[in-house]
Amino acid sequence: MKRTQRAKRTKRTKPAQRILMKGNVAICEGAITAGCQAYYGYPITPQNEIPAYLAKRMVELGRVFLQAESELAAINMVFGSAVAGARAMTSSSSPGISLKQEGISYLAGCELPAVIVNVQRGGPGLGNISGSQGDYFQATRGGGHGDYKNIVLTPYSVQEMYDLTILAFDLADKYRNPVIVLADGVLGQMLEPVTPSTISHQPIAISKDWALDGCKGREPRKIRSLLMAEGALEEHNWKLNEKYSKIKKNEVRYETYNLMDAEIVLVAFGIAARVGKGAMNIARGKGYKVGLIRPITLWPFPEKIISDTAERLHSITQSLNHLTTFLVVEMNLGQMLEDVKLAVSGKVPVEFYGRPGGGLVTQEEILEKIKQISK
Amino acid sequence: MKKIFSRPESLKETQHLYCPGCGHGIIHRIIAEVADELNIREKTIGIAPVGCAVFAYDYWNFDVTEAAHGRPPAVATGIKRVLPNRIVFTYQGDGDLAAIGTAEIIHAANRGEKITVIFVNNAAYGMTGGQMAPTTLIGQKTLTTPFGRNAERDGYPLKICELLSSLEGVVFLERTGVNSPENVLKTKKAIKKAFQNQIGNSGFSLVEVLSQCPVIWRMGPVESCKWIEKVMVKTFPLGVFKDTNRHE
């Protein structure tokens, strides 16, 4: 197994203790470690452990916990705390995240840092409470109105629920941009050992010289996304675009497994990548040359590793006349599939296996699909 | 020579975009005077609404943020909870506060958020050209009630002070007007009290200000002031609806 790039983790100085933790709780501990000063929540399954856990922990730590009257209120409370320069977070699950979209658009427009956790469930509508990946488009395309981007981090283990939540706060502050942690109901409910940071995490030192905390000794500041002056809005959007280009250049994260000799390359994220990894290992045991690319950032999307791999697969087909292909596995009807197809750009075939809201992909099903492709 | 009257420090020297005869300018100035008198300019954070007063951040000389339509009380909550020593207020119109933001205002009030709310009631949506507001009077003609507001079809004017007065988290509610010099002075007294309550950390305070809107009402400025006095106060009587003067 080869790992070319890993999620950046906080450096550790001594052998770390492993703690058995539920995914949703790992998010809470990550937020606490990252110095989250305010959390605003509203009940929805399957993320209810987050507000319940933080209701106790945040208060013990003298930080802000508040159960809002709605998801709309919660995201706007996050907006307020971000305006005031605090690290703030909200969490919800798919239908609740839909309600937050207006607020997320305002956060993006006003360039405010915030962390939004989506423990996805099946949709559309109320759907059901089992894990799903149906919100890929909503998270990666912006989701609310206007031309904006969220940074989207997607964990595939309870450890990453912890690590990526910490990273989310740092990236939010660094770029003054909303960051979405796109998890799912399976990860949220899963118990796994987590190695927490044994040294206290140092939030990146960034001066919030834009925050509103009263104009003592300085000129008054304003935070707004309304730009009515001739040309001002377009200029603002170009400036945002420049920031997005910088994020695309600096923040792409992914892991690869068994890519070196792979002829069938799975692309999967989150829980589907976890299942896909198992399927890959079984397939390898049966002699199939299977590899896996696992995006950790869904936006910015790791398109280069996919297009580079497409080039390599194409040359294998050319020189050895072997069948090569990508196989995208998702718990939806094919959303990341579109981004993979764009990156592959027709060089080799892109197959898809997915199950929409209510379905959970299994190793056996993926294995079956691999066998089918290889025939 | 002794200076006896000047522009408050909390008000920027800039031209307002409001229509002739509009009440916003008076209310903005009252807030600025109060901020000066209470010496809170440097620790005040205002929240401008969606609506005519969205440009308030260009007029006040202290920190101001915008908020999505209806959400200022939630934004104020998020600011005040992390900066409990600052003075946080929302400035909202009737569409913002009493239609789309009804949930936010009721729950911020019910939690007893230690914020100040200035609620400007002109019985119509101003910025979008004069549609029916939740506070539009029965029989009042607007763009979306061309035959007059009909209770059967459109329901009744929403009385926010009366509605909020039953909530335990609320310490101060007063309805005033800015249609006469006497009422302007009363409004200033009420707004000052609403800010003093926050300085004293006592709880949620709201002042509802009946404000003239001549262009939308298709009236002259003087006629508009008279309309408040003769017609609007029948539905929205002026006065103090709650004053617990609770100090912790």
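Me: How many bridges join β5(B) to β6(B)?

Reply: Keep in mind that this is a predicted model. Look at residues 170–177 of chain B for β5 and residues 204–210 of chain B for β6; the two strands run parallel. One spot to check by eye is E174(B), which sits opposite V207(B) in β6(B). The count of bridges joining β5(B) to β6(B) is seven.

Me: Which strands are the edges of the eight-stranded sheet?

Reply: Follow the order of this open sheet: β10(A)-β2(B)-β1(B)-β3(B)-β4(B)-β6(B)-β5(B)-β7(B), with mixed pairing. An edge strand here pairs on one side only. That leaves β10 of chain A and, in chain B, β7 (239–243).

Me: Which element gives the largest share of the side of chain B that touches chain A?

Reply: Overall, 28 residues of chain B contact 33 residues of chain A. On the chain B side, β1 (44–48), β2 (63–66), α3 (72–82) and α5 (102–110) each supply at least two residues. By class, that side has 14 nonpolar, six polar and eight charged residues. The largest share, eight residues, comes from α3(B).

Me: What does α3(B) lie across, and at about what angle does it run to β3(B)?

Reply: In chain B, the helix α3 lies across β1, β2, β3 (87–93) and β4 (116–121). Its angle to β3(B) is about 175°.

Me: Over to chain A. Which strands are the edges of the five-stranded sheet there?

Reply: This one is an open sheet too, with the order β11-β13-β12-β15-β16 and mixed pairing. Neighbouring strands are turned by 20° against each other on average, direction ignored. Pairing on one side only are β11 (254–257) and β16 (350–354) of chain A.

Me: How many residues of β15(A) are buried?

Reply: Start with the neighbours: four bridges join β12 (residues 264–267) of chain A to β15 (residues 325–330) of chain A, and these strands run parallel. Here I264(A) stands opposite T325(A), and V267(A) has V328(A) as its bridge partner. Five bridges join β15(A) to β16(A), again running parallel. β15(A) is mostly covered, and of its six residues the buried ones number five.

Me: What handedness does the unit of β15(A), α11 and β16(A) have?

Reply: Trace the chain from β15(A) over helix α11 (residues 336–344) of chain A to β16(A). In β16(A), Y353(A) is the bridge partner of V329(A). The β-α-β unit is right-handed.

Me: And which helix lies across β11, β12, β13 and β15 of chain A?

Reply: Look for a helix at residues 270–285 of chain A, running at about 165° to β13(A), which covers residues 290–295. That's α9 of chain A.

Note on methods. Residues numbered from 1 in each chain as written. Chains lettered and ligands numbered in written order. Predicted model: local features only at pLDDT ≥ 70, side-chain atom pairs only at ≥ 80, totals over all residues. Contact = placed C-beta atoms within 7 Å. Nonpolar A, V, L, I, M, F, W, Y, C, P; charged D, E, K, R; others polar. Pairing = 2+ DSSP bridges. Axes fitted to C-alpha atoms, helices over the stretch in contact; angles between N-to-C directions. Buried ≥ 20, exposed ≤ 12 C-beta atoms within 10 Å, placed from the backbone. Right-handed = clockwise from strand over helix to strand, strands pointing away.
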